[in-house]
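Visitor: I would enjoy a close look at one part of this model, and then a walk onward from there. Could you take me through it?

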Amino acid sequence: MPAEALVRVTMSGICNTDLEIVRGYAGFSGTIGHEFVGIVEEAPGSPDLVGKRVVGEINAGCGHCELCLGGDPRHCPERTVLGIVGRDGCHAEFLRLPSRNLLIVPDSVSDEQAVFAEPLAAAYGITEQVEVLPDTRIAVIGDGKLGILCALSLGLKSDNVSLIGKHPSKLAIAQRANVEGILLENAAKLKGAFDVVVEASGSESGFAAALDLLRPRGKLVLKSTFHGKPEWEAWRVVVNEITIVGSRCGRFAPALDILEKVLVDVTALISEDRKLEDGVRAVERAGEPGVMKVLLTMPR
Ligand SMILES: [Zn+2]
Ligand SMILES: [Zn+2]
């Protein structure tokens with residue numbers, strides 16, 4: 001077991017995955033939370049990190065399998081995941097992660113921006129898996145936090161990104177960037193219009209809606225972590241030769257670069273900021289309709 005760094009958390013963000021875990025997803029018990037920014041207190045083997053403001057990649061690998069030696073522990077079979085699998089998370093005053101997971105936050109990036117490194121990395125991670133060119137026609141289904149981040153980050157690579165959702169106020173956040181907002185009720189006429197559809201609504205109907213929107217041989221990117229058994233028509237995937245891509249975690253370095261250059265205005269997604277001691281209420285608030293990102297600030 002390599003020595004791990006100790007990080008004093010300054011701010012964390014509540015994710016829908018936290019809410020799913022509270023409902024039983026992943027069978028995790030422990031401290032939840034995987035979106036954070038903090039200050040390194042101890043870093044055995046990496047003294048340069050001590051005192052630095054950092055964010056951290058959430059998958060901690062074994063360090064010796066082929067994947068880990070290749071520098072990408074995201075699919076290490078023995079991995080733990082901050083606040084999700086076998087490792088206490090960040091809605092707490094302190095957390096531990098391997099030093100190699102930590103990335104120093106540029107000075108110009110505020111805590112409120114840096115705390116979005118994880119979800120932004122997850123959203124932008126789609127571009128690691130699916131080729132996105134300036135003319136790639138992309139629809140993102142779901143105007144929640146994740147859907148908006150997917151649309152905004154894909155909008156950095158394509159000039160043809162649409163966000164489909166039910167909430168005009170949320171679609172407006174995307175519309176301020178390089179993304180077209182489309183109300184779900186108006187999406188039916190776009191049948192077969194997209195090369196790539198990202199399902200980020202977390203609702204079962206998103207599957208069928210995505211298949212309606214995709215052109216033959218299009219790519220369906222599944223971004224929501226469903227813990228039920230959604231029903232969908234597999235024959236449509238076969239007949240239309242659809243490629244299905246599951247997508248989970250992205251790398252943090254490109255996300256920090258996006259934050260430093262302010263290419264995506266993540267602060268538009270913040271609904272409220274609460275104190276850690278108010279954490280239970282904060283998690284409840286994060287699950288209420290219309291509430292976007294709820295942040296937790298730790299005691300000093
Ligand atoms: Zn998350
Ligand atoms: Zn490993």
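Predicted model: local features only at pLDDT ≥ 70, side-chain atom pairs only at ≥ 80, totals over all residues.

Visitor: Is Val239 buried or exposed?

Guide: Val239 is exposed, with a relative accessible area of 57%. You will find Val239 in helix α9, which covers residues 234–239. Val239 also belongs to a nonpolar surface patch of about 360 Å², which it makes together with Trp235 and Val238.

The loop between α9 and β13 (243–246) holds Glu241. Glu241 is partly exposed, at a relative accessible area of 43%. Its backbone deserves a glance too: Glu241 has a positive phi of about 50° although it is not a glycine. Most residues other than glycine have a negative phi. Val262 is another residue other than glycine with a positive phi, near 50°. Val262 sits in the loop between α10 and β14 (270–275).

Now for the interior. Helix α4 (residues 117–124) has eight of its eight residues buried, so the rest of the structure largely encloses it. These buried residues are Ala117, Glu118, Pro119, Leu120, Ala121, Ala122, Ala123 and Tyr124. Their packing partners are β2, β3 (53–56), α3 (111–114), α5 (126–129), α6 and α10 (252–260).

At 0% relative accessibility, Ser153 counts as buried. Leaving aside neighbours within four places in sequence, Ser153 is in contact with Leu120, Ala123, Tyr124 and Val264. Leu120, Ala123 and Tyr124 are among the buried residues of α4. The side chain of Ser153 also reaches the backbone oxygen of Leu149, at 2.7 Å.

The zinc ion (ligand 1) has Cys15 (SG), His34 (NE2) and Glu35 (OE) as its protein donors, at 2.0 to 2.8 Å. Along the sequence, the donor residues follow the spacing C-x18-H-E. Cys15 lies in the loop between β1 (4–14) and α1 (16–22), while Glu35 is in strand β2 (residues 35–42), so this pair ties together parts that are 20 residues apart in sequence. Cys15 counts as buried at 13% relative accessibility, and Glu35 counts as buried at 1%.

Pro77 lies in the loop between α2 (66–69) and β5 (80–81). Pro77 is exposed, with a relative accessible area of 71%. Apart from neighbours within four places in sequence, Pro77 is in contact with Cys65 and Leu67. Pro77 and Gln113 are 36 residues apart in sequence, and their C-alpha atoms are 31 Å apart in space.

The other stop is Ala209, in helix α8 (residues 205–213). Ala209 is partly exposed, with a relative accessible area of 21%; the cut-off for buried is under 20%. Ala209 and Ala188 are 21 residues apart along the chain, and 8.4 Å separates their C-alpha atoms.

Terms used. Residues numbered from 1 in each chain as written. Chains lettered and ligands numbered in written order. Heavy atoms only, no water. Donors = N, O, S within 2.8 Å, 3.2 Å for Na, K, Ca; no water. Helix = DSSP H or I, 4+ residues; strand = E, 2+ residues; numbered from the N terminus. Buried < 20%, exposed > 50% of the residue type's maximum accessible area, 1.4 Å probe, protein only. Polar contact = N/O pair within 3.5 Å; in protein donor to acceptor, adjacent residues only side chain to side chain. Contact = heavy atoms within 4.5 Å. Patch = residues over 30% accessible without salt bridge, like charges linked within 9 Å, V, L, I, M, F, W, Y side chains within 5 Å. Areas by Shrake-Rupley, 256 points an atom, 1.4 Å probe, with all protein chains shown as cover. Salt bridge = Lys/Arg side-chain N within 4 Å of Asp/Glu carboxyl O.
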